Amino acid sequence: EKKFTVTFYREEYERNNARVNSPRGSYMKGKRQSTVEPVFGTLTQFLGLRKINTLGIKQANKVMHLSAIAYNLKKYLKFAQKRVKSGAGMLALLFLIKNSVYKLEKLFLRSLKIANYKAI
């Protein structure tokens, strides 16, 4: 004996299946699999982000932002190490980063119009 049931939301299911199986849906699935899912896989498998032990959406959002920063820094450092092989080049990169941070700090503080700020 077989039982056949039809849900009240059948039209929505069919519309969703048609959208997912369309050419645009398969393109979006491929795009998601190549951009977002590897990041989440790395965060859960290698950076220990299987659980978020915080209370509330705001704190969980902070944890996700910090983990994204850590992921991007690791990726950037891997890129910078491949690019620069010599000690002189690494030193130049260090000064470039330091000067960039200094300029960003100066612009940020200038935009806040802090009267007591003086350049170091």
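These legends accompany several close-up views of a predicted model.

The model is predicted, so local features need pLDDT of at least 70 and side-chain atom pairs count only at pLDDT 80 or more, while totals for chains, interfaces and linings use all residues. Residues are numbered from 1 along each chain as its sequence is written, and side-chain values use heavy atoms, with hydrogens and water left out.

View 1. Read along the sequence, the protein chain follows the pattern α-α-α-α-α. Helices (H or I, at least four residues) and strands (E, at least two) are DSSP runs, numbered from the N terminus. Of the 120 residues, 8% count as buried; here buried means under 20% relative accessible area, exposed means over 50%, and partly exposed lies in between (1.4 Å probe, protein chains only). The chain exposes about 11500 Å², with carbon and sulfur atoms supplying 61% of it. Accessible areas come from the Shrake-Rupley method with a 1.4 Å probe, and for residues only the protein chains shown count as cover. Among contacts between residues at least 6 apart in sequence, 20% join residues at least 24 apart, where contact means heavy atoms within 4.5 Å.

**View 2. A nonpolar patch on the surface.** Take a look at Y76, L77, F79, I97 and V101, which together form this patch and have about 470 Å² of accessible area. Two elements, α4 (57-83) and α5 (87-112), each give two or more residues to the patch. Helix α4 gives the most, with 3 residues. L77 sits in α4 and counts as partly exposed, at 48% relative accessibility. Patches are made of residues with over 30% relative accessible area and no salt bridge; like charges are joined within 9 Å, and nonpolar side chains (Val, Leu, Ile, Met, Phe, Trp, Tyr) within 5 Å.

**View 3. S67, a buried residue of helix α4.** The relative accessibility of S67 is 10%. A polar atom of the S67 side chain lies 2.8 Å from the backbone oxygen of M64. Leaving aside residues up to four places away in sequence, S67 touches L43 and L49.

**View 4. The aromatic pair of F8 and Y9.** A search of the whole structure finds 1 aromatic pair. The ring centres of F8 and Y9 are 5.4 Å apart and their planes stand at 85 degrees, so the pair is edge-to-face. Rings of Phe, Tyr and Trp (its six-membered ring) pair if their centres lie within 6.5 Å; planes under 30 degrees apart count as stacked, over 60 as edge-to-face and the rest as tilted. F8 is exposed, with a relative accessible area of 76%.

**View 5. The salt bridge between E14 and R10.** The structure holds 2 salt bridges, and a salt bridge is a side-chain nitrogen of Lys or Arg within 4 Å of a carboxyl oxygen of Asp or Glu. In this one, the closest N and O atoms of E14 and R10 are 2.9 Å apart. Both residues lie in helix α1 (residues 10-21), 4 residues apart, about one turn of the helix. E14 is partly exposed at 43% relative accessible area, and R10 is partly exposed at 42%.

**View 6. The salt bridge between R32 and E37.** The side chains of R32 and E37 meet here, with an N to O distance of 3.1 Å. R32 counts as partly exposed at 41% relative accessibility, and E37 is partly exposed with a relative accessible area of 37%.

Notes:
A polar contact is a pair of N or O atoms within 3.5 Å; within protein, one must be able to donate a hydrogen and the other to accept it, and residues adjacent in sequence count only if both atoms are side-chain atoms.
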